[in-house]
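Please keep the sequence and the structure in view while reading.

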Amino acid sequence: MADEVVLLNAWVSPFGSRVRIALDEKSVEYQYREENLQDKSPLLLQMNPIHKKIPVLIHNGKPICESLAIVQYIDETWKDDKAPPLLPSDPYQRAQARFWADYIDKKVFSSVMGILRSPKGEEQEKAKKEFIEALKVLEEELGDKPYFGGDNFGFLDLSFVAFYSWFYSMETLVHFDIEAECPKLIEWGKRCMEKKESVAKSLPDSLKIYDFALQMRKKLGVD
Amino acid sequence: MEEKEEELKLLGTKLSPFSWRIIWVLKLKGIEYDFIEEDLRNKSQLLLSSNPVHKKVPVLIHGGKAIPESIIILLYIEETWLKNPILPNDPYERSQALFWAKFADEKFLPEIEMAFSSTGDDQVKAVELATAALEVLEGEIKGKRFFGGDRIGFVDVVVGWIAYWLEMVEEAACFKVSNSKKFPSLHSWMNNFLEVTVIRENLPSPDDLRIFFHDLRQVKCDSLTQEIK
């Protein structure tokens with residue numbers, strides 16, 4: 001029986017990028033549907049009635065929401081030679097990967113939103129500080145490993161690299177240089193983009209994200 | 001099935017539902033462990049070194065390896081001790097269980113915390129949001145004995161605090177969300193949940209909880225009054 005896989009997404013979303021990378025890593029064929037978040041489709045509202053958010057993966061008609069849950073679902077559902085595991089097999093290493101993915105959701109995402117949504121001033125500076133601190137903690141976790149997953153790209157790499165296309169916007173909006181603060185992270189990001197086709201294909205262009213960020217700030221009246 | 005003989009410690013606090021989530025699952029799976037009570041006003045070296053990022057309880061320490069964050073701990077336990085599984089085998093059903101646990105922790109629990117910590121309009125608003133979230137949970141439990149189906153599972157353990165702690169939190173802060181007329185299915189679930197032997201035999205003293213919440217509410221109200229001054 002042929003699998004029907006549909007992804008509801010918005011091109012700017014780092015959460016959606018995670019799912020795109022995971023699907024690509026597993027060579028899953030799927031239908032991509034771009035959502036207009038100002039005018040959500042009936043399908044989105046039907047598939048995610050509680051949160052009405054993207055990304056949503058629809059597998060043979062059944063919806064799965066929340067990017068990290070979707071990635072874990074993908075990992076558990078597509079398992080063969082074409083499809084390398086995303087999460088490690090050892091329970092303790094899995095716990096570590098989940099812990100850091102949760103940290104990224106709590107600290108990186110919230111500070112990115114803080115920088116994006118605040119006018120220039122105290123609030124934005126506070127978000128900037130939180131963002132840099134989170135990056136430094138993550139850089140320490142990376143250490144000298146080529147990937148967060150060790151020798152191989154994995155769950156935590158894909159959870160974080162989704163934010164890589166937002167780095168340029170963050171640097172430009174609040175005037176700092178991530179490479180100066182966290183050189184290993186930038187090296188890692190570049191490595192992911194160069195060596196992993198799934199990443200290069202799935203991440204939106206940094207300059208387009210910056211355009212989007214400026215438009216959003218204008219709309220919010222913070223610029 | 002391998003028996004994991006390494007030393008198992010749980011750092012927690014006996015009044016916190018987050019610690020009890022872990023205790024319930026350890027008991028359900030028949031796993032031996034040592035409980036270490038933490039004084040959160042004076043955190044131990046062990047806690048600070050085991051969870052340097054968040055410095056919070058609960059933390060599970062298995063053979064010297066520390067696992068923080070209650071949901072992550074539950075998944076670790078499930079993947080390490082395979083007896084009496086709390087999650088379904090099917091990946092889709094599993095994704096749904098994770099969804100509901102996250103929903104309860106992110107959409108209901110914070111509103112109850114807010115209602116407990118606030119007064120006036122802020123409290124009213126929090127109660128409204130909590131009620132809306134509880135209505136969603138009511139829809140999910142309708143027609144089922146437990147969130148996990150016929151037996152308690154991951155979601156039941158994560159939301160179990162609603163069956164025991166919630167009433168005392170509401171009493172202490174003079175608000176009411178879990179109205180039994182409005183939420184009949186949830187109230188049936190609460191009875192079912194508390195009747196499960198492992199749960200019934202593993203609950204903190206209601207008097208201790210009442211005193212704790214009463215005192216904490218006093219502290220919250222005092223600090224709110226300070227802010228206004």
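A polar contact is a pair of N or O atoms within 3.5 Å; within protein, one must be able to donate a hydrogen and the other to accept it, and residues adjacent in sequence count only if both atoms are side-chain atoms. Between chain A and chain B, seven residue pairs are in polar contact, with both residues at pLDDT 80 or more. The model is a predicted one.

**The interface of chain A and chain B**

- Chain A contributes 22 residues to the contact, and chain B contributes 24 residues.
- The two chains bury about 2100 Å² between them, and 69% of this area lies on carbon and sulfur atoms.
- On the side of chain A, the residues that lose the most area to chain B are A:Ile50, A:Tyr92 and A:Phe99, which together account for 27% of what that side buries.
- Five salt bridges are found across the interface; one of the salt bridges in the model pairs B:Glu79 with A:Arg94, whose closest N and O atoms are 2.9 Å apart.
- Strand E4 (62-65), helix H3 (67-77) and helix H4 (91-117) of chain A each supply at least two residues of the side that touches chain B.
- Helix H4(A) provides the largest share of that side, namely twelve residues.
- By class, the side of chain A that touches chain B consists of eleven nonpolar, three polar and eight charged residues.

**Nonpolar cores**

- The largest nonpolar core has 148 residues, and those with the most contacts inside it include A:Leu57, A:Phe131 and B:Trp189.
- Beyond its neighbours within four places in sequence, A:Leu57 is in contact with several residues, among them A:Val5, A:Leu23, A:Ile64 and A:Tyr73.
- A second, separate core of six residues includes B:Leu47, B:Val59, B:Ile61 and B:Ala66.

**Salt bridges**

- Over all chains, the structure holds 24 salt bridges.
- A:Lys196 forms a salt bridge with A:Glu25, with the closest N and O atoms 3.5 Å apart.
- This pair links distant parts of the chain, 171 residues apart: A:Lys196 lies in the loop between helices H9 and H10 of chain A, and A:Glu25 lies in helix H1.
- A:Glu25 counts as buried because its relative accessibility is 13%, and the cut-off for buried is under 20%.
- A:Asp144 and A:Lys184 meet through their side chains in a salt bridge of 3.0 Å, N to O.
- A:Asp144 is exposed, at a relative accessible area of 71%, whereas A:Lys184 is partly exposed, at 34%.

How values were computed:
Residues are numbered from 1 along each chain as its sequence is written. Chains are lettered from A and ligands numbered from 1 in the order in which they are written. This is a predicted model: local features need pLDDT of at least 70, side-chain atom pairs count only at pLDDT 80 or more; totals for chains, interfaces and linings use all residues. Side-chain values use heavy atoms; hydrogens and water are left out. Contact means heavy atoms within 4.5 Å. Buried area is the accessible area (1.4 Å probe) that two parts lose on being put together, summed over both. A salt bridge is a side-chain nitrogen of Lys or Arg within 4 Å of a carboxyl oxygen of Asp or Glu. Helices (H or I, at least four residues) and strands (E, at least two) are DSSP runs, numbered from the N terminus. Ala, Val, Leu, Ile, Met, Phe, Trp, Tyr, Cys and Pro count as nonpolar, Asp, Glu, Lys and Arg as charged, and the others, Gly among them, as polar. A nonpolar core is a set of buried Ala, Val, Leu, Ile, Met, Phe, Trp, Tyr and Cys residues joined through side-chain atoms within 4.5 Å. Buried means under 20% relative accessible area, exposed over 50%, partly exposed in between (1.4 Å probe, protein chains only).
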